[in-house]
Amino acid sequence: MADIDLKTAPADFRFPTTNQTRHCFTRYIEFHRCIAAKGEESGDCEKFSKYYRSLCPGEWVDKWNEQRESGTFPGPL
């Protein structure tokens, strides 16, 4: 059986406290900005995907995805 390497987002000096809500939101936005700039086929954005997926609750991501699709997402994409 193959070993599974579990990692989370690296420490980010912009988010020094234990509350990672803002960190999660920022990584989600960074991922979608990267996709918009480089395209969905670019592997350069994969790290941001891993970061926000490890930090953000799935319910938040589902809601943000719905908001992006409907044009009501509150963040700067």
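This is a predicted model: local features need pLDDT of at least 70, side-chain atom pairs count only at pLDDT 80 or more; totals for chains, interfaces and linings use all residues.
Start with the overall layout. We have 3 helices and 0 strands. Along the sequence, the pattern reads α-α-α. Taken along the principal axes, the C-alpha atoms fill a box of roughly 40 × 35 × 25 Å.

Next, the surface. The accessible surface is about 5700 Å². Carbon and sulfur atoms account for 51% of that surface.

Now contacts across the chain. Take the contacts between residues at least 6 apart in sequence. Of these, 55% join residues at least 24 apart.

On to one helix pair. Helix α1 covers residues 21-38, and helix α2 covers residues 46-55. These two pack with their axes 8 Å apart. What is the angle between α1 and α2? About 150°. An angle over 145 degrees counts as roughly antiparallel, so α1 is roughly antiparallel to α2. And the crossing of the two is left-handed.

Which residues meet there? From α1, we have H23, C24, R27, Y28, E30, F31, H32 and C34. From α2, the partners are F48, S49, Y51, Y52 and L55. By class, this contact of α1 with α2 has 8 nonpolar residues, 3 polar and 2 charged. Please find that list on the structure above.

To recap the pair: α1 and α2 are roughly antiparallel, and their crossing is left-handed. Their contact includes F31 from α1 and L55 from α2. That's it from me.

Technical notes
Residues are numbered from 1 along each chain as its sequence is written. Side-chain values use heavy atoms; hydrogens and water are left out. Axes are lines fitted to C-alpha atoms, for helices over the stretch in contact, and angles run from 0 to 180 degrees between N-to-C directions. Helices (H or I, at least four residues) and strands (E, at least two) are DSSP runs, numbered from the N terminus. Angles under 35 degrees count as roughly parallel, over 145 as roughly antiparallel, 65 to 115 as roughly perpendicular and the rest as oblique. A crossing is left-handed if the near helix is turned anticlockwise from the far one by less than a right angle, and right-handed if clockwise. Contact means heavy atoms within 4.5 Å. Ala, Val, Leu, Ile, Met, Phe, Trp, Tyr, Cys and Pro count as nonpolar, Asp, Glu, Lys and Arg as charged, and the others, Gly among them, as polar. Accessible areas come from the Shrake-Rupley method with a 1.4 Å probe; for residues, only the protein chains shown count as cover.
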